[in-house]
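The sequence and the coordinates are shown first, and the description follows.

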Amino acid sequence: MARIIVVTSGKGGVGKTTTSAAIAMGLAKRGHKTAVIDFDVGLRNLDLIMGCERRVVYDFVNVINEEATLNQALIRDKNCNLLYILPASQTRDKDALSQEGVGRVLDELKKDFKYIVCDSPAGIEKGAHLAMYFADDAFVVTNPEVSSVRDSDRMLGLLASKSRRAEQNEEPINEFLLLTRYSPDRVKLGEMLSVDDVQDILSLHLLGVIPESKSVLNASNSGTPVILDEKSDAGQAYADIVARYLGEDRPHRFIEDKKGFFRKLFGG
Amino acid sequence: MLTDASNTPFALEFKSASFSVPVLVLTTDDMDVIEQKLQEKVRKAPEFFKHSPLILDLQEANNQGCLIDLFELVGIIRKVGLFPIGIRGGNAQQNKQALELQLPTHSISSRDAPPLDEKKQDTASQEPEVNTHASSNIAVAATTLITYPIRSGQRIYAKGDLVVLTQVSAGAEIIAEGNIHVYNSLRGRALAGVQGDVEARIFCFDLQAELISIAGNYKISEDLGDSVKGKAVQIYLQDQALIIKDIELHH
Ligand SMILES: Nc1ncnc2c1ncn2[C@@H]1O[C@H](COP(=O)(O)OP(=O)(O)OP(=O)(O)O)[C@@H](O)[C@H]1O
Ligand SMILES: [Mg+2]
């Protein structure tokens, strides 16, 4: 059975698109045919992060309006032939998306793909609503600061009440916490919430922590999802997240800063 | 041709009205137990129960696989002095028996209380509109149970008591006409006794609320002393003042 994953947050700029690109690539690399959809109509970021911006002919809105077929609009990733990107339109606004149209496209994708990753726009308005409405699993991307945590909480409320699963009284969406841009040093200085603080407020299953990392910017400049940078901390953190999502047991890394870890180890 | 009756200007008229009727939710088919429990209840509040109409809710019992014989049940209920006026949630057999007893069958409306562990969103309102005061004494479904976290932006309204097993986030609001129990962190707003019940109380395991209110008397987060923050407390009204008191938890 295909699964629809929404990557959502409420708050903007927390790392949804970075995460969508990374986990879609991660799932595909592990042998699962995966599509990633940019719901951020009007902005179009995902294709840049995926490095396919110059190959966009048709987009999500064209498919919804039946101006193009899904096969015409899907772009095969240059690094992995099990990964396809459905880009957002840059020339329309979010009103171009309709629930019926989105549902139709997702149904069609479900026939052919194992995972469908929906990169949600910020906010809780129409675009974000449609991105999460049909989801089976939600990756709630949160930064370790109060306003981001609050917005994630709000989004969790909407997942639990305004999604298709909620409306039809089905099993609720599986919700996972992804804490991104985490910096143990700044936690220690009291400038950021700790993993425990966030867990305490959200009471949510922690799928993983992604450290604040220069590798993310490098990856987006070169148009390759950071998960392909296997040496980088953020790349490894995303690989762990994909593995945990697929049911593997992996210890959490990147929560302690390395110095702290060594100090603990050697008692110094 | 017109008959005589149609010339009579005002013989009768149908009007629509709604009533509050207690609903008796059954969870056993042991008639001895039912009779004994009912007698206990009636003894405790004889005025409330005297000749009280009653709707029999069989859904829960049927879900649990209990086999309730309606003839027998109605016999017992009449014996203790109550007047059954209908059933709901019955199976085919019970509905047939109801027909023979000339009791109407009512549907379970969507406004009803959810099954106990069911997820409930924006409003969790409770249908059986019994007198709130008596509701704490009798076996009607007057409690709303919430087992999913109440997140920022969500609002829960309970006609009776509200029991929350999960956290109530900052930015969420829980409202009850009766008491509120939160067996977890209360970070949002909690308003008990909102229809004016000054006897209502709020109980919580970890008080971090943005606002607490009983029958319109409220305190905001700023007014909660540090001595009670993060504690297990009960909150009640005394001479129109909110009293916040530690609850000793024995582990
Ligand atoms: N782990 C990280 N370390 C460092 N920078 C990061 C990390 N994750 C994301 N960023 C940076 O944060 C910015 C926002 O990231 P991204 O576009 O993925 O967020 P978004 O949630 O999709 O934003 P929007 O709400 O605008 O869609 C980008 O500049 C990205 O490079
Ligand atoms: Mg984005």
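## Domains of chain B

Domain bounds, as used here, come from an automatic or database domain assignment. On that basis, chain B is divided into domain 1, covering 23-106, and domain 2, covering 144-246. The C-alpha centres of domain 1 of chain B and domain 2 of chain B are separated by 34 Å. The model described throughout is a predicted one.

## The interface of chains A and B

Contact between the two chains involves 15 residues of chain B and 16 residues of chain A. The size of an interface is often given as the accessible area lost when the parts come together. For chain B and chain A, the buried area amounts to about 1200 Å², and 39% of it lies on carbon and sulfur atoms.

Two salt bridges are found across the interface of chain B and chain A. In a salt bridge between B:Arg187 and A:Asp200, the side chains meet at 3.2 Å, N to O. The side of chain B that touches chain A comprises two nonpolar, seven polar and six charged residues.

A backbone N or O atom of A:Val14 is 3.1 Å from an oxygen atom of ligand 1, and a backbone N or O atom of A:Gly15 is 3.0 Å from an oxygen atom of ligand 1. A polar backbone atom of A:Pro211 lies 3.0 Å from a nitrogen atom of ligand 1. On its own, ligand 1 has 630 Å² of accessible area, and the protein covers 80% of it.

Terms used
Residues numbered from 1 in each chain as written. Chains lettered and ligands numbered in written order. Predicted model: local features only at pLDDT ≥ 70, side-chain atom pairs only at ≥ 80, totals over all residues. Heavy atoms only, no water. Contact = heavy atoms within 4.5 Å. Buried area = accessible area lost by both parts, 1.4 Å probe. Salt bridge = Lys/Arg side-chain N within 4 Å of Asp/Glu carboxyl O. Nonpolar A, V, L, I, M, F, W, Y, C, P; charged D, E, K, R; others polar. Polar contact = N/O pair within 3.5 Å; in protein donor to acceptor, adjacent residues only side chain to side chain. Areas by Shrake-Rupley, 256 points an atom, 1.4 Å probe, with all protein chains shown as cover.
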